[in-house]
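Colleague: I have not looked at this one before. Can you put it up and take me through some of it?

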Amino acid sequence: MRKYFLWAVPIFFIAAGLGWFQQTEIIWKLGLIFGFSSIAIGAGHVKILSGYQYTFWIITAVCAGLIYPDFFLHVGSFDMRNKWLILIIIQLVMFGMGTQMSIEDFTGIRKSGKGVLIGLLGHFTIMPVMGFLIAKTFGFEPEIAAGIILIGSCSSGLASNVMTYIAKGNLVLSVTVTAMSTLAAPIMTPFLMKIFAGTLVEVHFFNMMMEIIKIVLVPLAAAMIHDILKTYGVVAKRRIYVLTIISTIWLAIIVFIGNSFAIEEDTSLAHILEIINFSCGAFIVGTLYHLLYKVYPKIDVIMPYFSMFGIIYFTLVTTAAGRDNLIQIGFLLFLASVLHNGAGYFFGYWLSRLSGLDKKSSQTIAFEVGLQNGGMASGLAGAMGKLATVGLASAVFSPWMNVSGSLLANYWRKIGNPEDETTPDTH
């Protein structure tokens, strides 16, 4: 079936070209969108392109957002940049990613301690510093420059695990660094933003920390609750069920008496209460998801597709919102993404080699340093109400990270193991 979409690609692009020359707007616009959509669908039919199918969907989203910005920013009177919609979708993205992880991933530091420390050091120094230098060198306006620094200050993305797997790298090390950088993000991301972007945009350390907990750690906790119910013993399961019941009662009380107690918004107390409520929600969601998993076990396989959908949504809305900026500086942003991403691979690899890690572990750290969590950056930009400016970098950087990561992973896989021993670092 997919091959027919590939056959349709030249037809759509020819129609787009004819529409352009004849100045028939609707034909060239729809021709381009349908052409890229057909490539995204048909790519699965060609083995060499199948790994880039998600990337083609991202490119399609960018194309659609540029061509019909108003259409994708509003559905009727509803604003697609609504704060709560963005929060729900980014939590869905992180939850979907979390279902591919387990509690064991957070204990991998015992096996790869030295590699994890090098990965975290490289990740939270190389990328924000390079983001700052690139933003200053290119002279981007403050909020767009802050967006580049933001994506450099976020945790590793799960794409790094996928690329490490393709490259036959040290997967235990990769998963552990991703897990640890995610746990460190609530402190490190606002700290780095305060240092490098504090003069560009207003950065509230505590507020950003609370947002990261909500959009990253809470959905990740819900996924780990599912993992506990799936893999641990009766005692652990009983404790989770008890905590879920308590959480349900707590939220019911909050809903019932919520209007009786007025807490001033944007205060520390309000944020802490909000985190408690979201944490209770994590127990409920994690438990309900596990019950669904028991009925339909294949749902764990499907969840990453929901994460992909969420990233495509952010790309589409961010592109539409920042269309004018993207048209003006799109090429420069793309060049910045190539430099930023390439610096992560280069310095991540050689930092690891100079620290004594074997080549496979060094390749793994290169992916961990070079591939950022674009979804997290988009979610934070949305929470700041600056999706069209601060969020623009993640919309451009994310597609390139997928392309470059795939190319590098396949290259390293092709050349094979250059060393006699490929045992994971255990120092």
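This is a predicted model: local features need pLDDT of at least 70, side-chain atom pairs count only at pLDDT 80 or more; totals for chains, interfaces and linings use all residues.

Colleague: Salt bridges, then. How many are there in the whole structure?

Modeller: A search of the whole structure gives 6 salt bridges.

Colleague: Which other salt bridge does lysine 214 make?

Modeller: Its side chain also meets that of glutamate 274 in a salt bridge, with 3.2 Å between N and O. This pair links distant parts of the chain, as lysine 214 is in helix α11 and glutamate 274 is in helix α13 (residues 268-295), 60 residues apart. Glutamate 274 is partly exposed, with a relative accessible area of 22%.

Colleague: Where else does α11 take part in a link like that?

Modeller: Lysine 230 and aspartate 300 are another case, with their side chains in a salt bridge at 3.0 Å, N to O. Lysine 230 belongs to helix α11 and aspartate 300 to helix α14 (residues 299-321), so the pair, 70 residues apart, links distant parts of the chain. Lysine 230 counts as partly exposed at 31% relative accessibility, while aspartate 300 counts as buried at 10%.

Colleague: Changing topic. How do α2 and α4 pack?

Modeller: Helix α2 (residues 25-42) packs with helix α4 (residues 53-67) at an angle of about 170°, and their axes are 8 Å apart. That angle makes α2 roughly antiparallel to α4, because angles over 145 degrees count that way. The crossing of α2 past α4 is left-handed.

Colleague: What makes the contact?

Modeller: On the α2 side the residues include Trp28, Leu32, Ile33 and Phe36. On the α4 side they include Phe56, Trp57, Ile59 and Cys63.

Colleague: What about α9 and α16, how do they pack?

Modeller: Helix α9 and helix α16 (residues 359-370) pack at about 155°, with 9 Å between their axes. The angle makes α9 roughly antiparallel to α16. Here the crossing is right-handed.

Colleague: Which residues meet there?

Modeller: Ser160, Asn161, Met163 and Thr164 of α9 meet Thr364, Phe367 and Glu368 of α16. By class, the contact of α9 with α16 has 2 nonpolar, 4 polar and 1 charged residues.

Colleague: Now the loops. Where is glutamine 23, and what is its phi?

Modeller: Glutamine 23 is in the loop between α1 (2-21) and α2. Its phi is positive, about 60°, although the residue is not a glycine. At 71% relative accessibility, glutamine 23 counts as exposed.

Colleague: And lysine 168, what is the phi there?

Modeller: Phi of lysine 168 is near 60°, again a positive value in a residue other than glycine. Lysine 168 sits in the loop between α9 (159-166) and α10. It is exposed, with a relative accessible area of 54%.

Colleague: Last one, valine 172. Which helix is it in, and what does it touch?

Modeller: Valine 172 is in helix α10, residues 171-197. Apart from neighbours within four places in sequence, it is in contact with Lys111 and Ser112. Valine 172 is partly exposed, at 39% relative accessible area.

Colleague: How many Å is valine 172 from methionine 224?

Modeller: The two are 18 Å apart in space, C-alpha to C-alpha, and 52 residues apart in sequence.

Definitions and conventions:
Residues are numbered from 1 along each chain as its sequence is written. Side-chain values use heavy atoms; hydrogens and water are left out. Helices (H or I, at least four residues) and strands (E, at least two) are DSSP runs, numbered from the N terminus. Buried means under 20% relative accessible area, exposed over 50%, partly exposed in between (1.4 Å probe, protein chains only). Contact means heavy atoms within 4.5 Å. Axes are lines fitted to C-alpha atoms, for helices over the stretch in contact, and angles run from 0 to 180 degrees between N-to-C directions. Angles under 35 degrees count as roughly parallel, over 145 as roughly antiparallel, 65 to 115 as roughly perpendicular and the rest as oblique. A crossing is left-handed if the near helix is turned anticlockwise from the far one by less than a right angle, and right-handed if clockwise. A salt bridge is a side-chain nitrogen of Lys or Arg within 4 Å of a carboxyl oxygen of Asp or Glu. Ala, Val, Leu, Ile, Met, Phe, Trp, Tyr, Cys and Pro count as nonpolar, Asp, Glu, Lys and Arg as charged, and the others, Gly among them, as polar.
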